[in-house]
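These are my notebook entries on one protein model. I set down what I looked up, topic by topic.

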Amino acid sequence: MLRAAGVGVGDEVVVPAFGNVEVAEAVTLAGALPVFADIDPVTYCLDPGAVEAAVTPRTAAVVVVHRFGRWADLRRLRALGQRHELLVLEQGESEVPYDEIAQRRERAAYLDAKLKGVRTPDGGDGHTYQQYVVRVPGNGRPDRDAFAMALRAKGVECRVPVKTPVHRLPEFRRCVSLPETELAADVTLTLPVDASLTKREMQRIVSACNALGGLLQPAY
């Protein structure tokens, strides 16, 4: 899509650094330079204000990535694109089957009401809960990783959604300030909300998280 739009050598393309290394790779393959902008801490998608700050005379496009079942602020991002005459492309993640969305929302609502000691996600804007992402309070990655290890020991599947932001990978290393991206990479953890989970399994998730969450003190 970038090549078809004429994006190439000498152009810059604004992309997120929170996951999705393939987006930065695609920009590079088109011959352009990926420029990383920070994320919104609620949606984990590109923050329009951060994108605006990253725009230069060489900027040709913005690649917007929708994350975890939440949509980026397309209204503001498209308006930004019109103001600066930029191509605004979207990339979504694999869709949750339509008949599972209601069940995932039901399980997410249960976790929202029961979990203590972790920060639950904001469910606004039609969240489909492709992933249920919590923030583990404490002093960053060591606390989150220890929390995840303890959950797995109790039989709860969990996953770190983004281990290293793209701008910290050797092939894309940039000296750029992305505080929300780096904080999210250090403290986020996904918990299961699959439609197949039973009530007993949901109770086990809550019990395991609450037993551990009370041991951590927020550092932010």
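**Entry 1: Domains**

I note the basis of the entries: the model is predicted, local features need pLDDT of at least 70, side-chain atom pairs count only at pLDDT 80 or more, and totals for chains, interfaces and linings use all residues. Residues are numbered from 1 along each chain as its sequence is written, and side-chain values use heavy atoms, with hydrogens and water left out.

**Entry 2: Cavity**

On a 1 Å grid over the protein atoms alone, a cavity is a set of points where a 1.4 Å probe fits but cannot get out, a pocket is an open set with protein on both sides within 12 Å along at least five of seven lines, and lining residues have an atom within 4 Å of a point. Grid points are joined across faces, edges and corners, and a volume is the space filled by probe spheres set on the points.

The largest cavity has a volume of about 50 Å³. Its lining includes Tyr-44, Arg-70, Asp-122 and His-127. Domain 1 and domain 2 each give at least three residues to this lining. By class I listed five nonpolar, two polar and two charged residues; Ala, Val, Leu, Ile, Met, Phe, Trp, Tyr, Cys and Pro count as nonpolar, Asp, Glu, Lys and Arg as charged, and the others, Gly among them, as polar.

I then turned to the largest pocket, which holds about 300 Å³ of space. Of its 18 lining residues, Glu-157, Leu-191, Pro-192, Val-193 and Asp-194 are the closest to the centre. Helix 7 (199-213) gives the most to the lining, with three residues, and strand 6 supplies at least two. Helices (H or I, at least four residues) and strands (E, at least two) are DSSP runs, numbered from the N terminus. The lining divides into eight nonpolar, four polar and six charged residues.

Leu-189 of strand 6 is the bridge partner of Val-134. In a regular strand the side chains alternate between the two faces of the sheet. Here I found Thr-188 and Thr-190 pointing one way and Leu-189 and Leu-191 the other, all of them buried. Buried means under 20% relative accessible area, exposed over 50%, and partly exposed in between (1.4 Å probe, protein chains only).

In helix 6 (179-187), the buried residues are Thr-181, Ala-184, Ala-185 and Val-187. Their cover includes strand 2 (33-37), strand 5 (132-135), helix 5 (141-153) and strand 6 (188-191).

**Entry 3: Positive phi**

I checked residues other than glycine for positive phi. Tyr-44 has phi near 65° and sits in the loop between strand 2 and helix 2 (48-54). Glu-85 has a phi of about 55° and lies in the loop between helix 3 (74-84) and strand 4 (87-91). Tyr-44 is buried, at 7% relative accessible area, whereas Glu-85 is exposed, at 73%.

Technical notes: Contact means heavy atoms within 4.5 Å. Domain bounds come from an automatic or database domain assignment. Two strands pair if DSSP finds at least two bridges between them.
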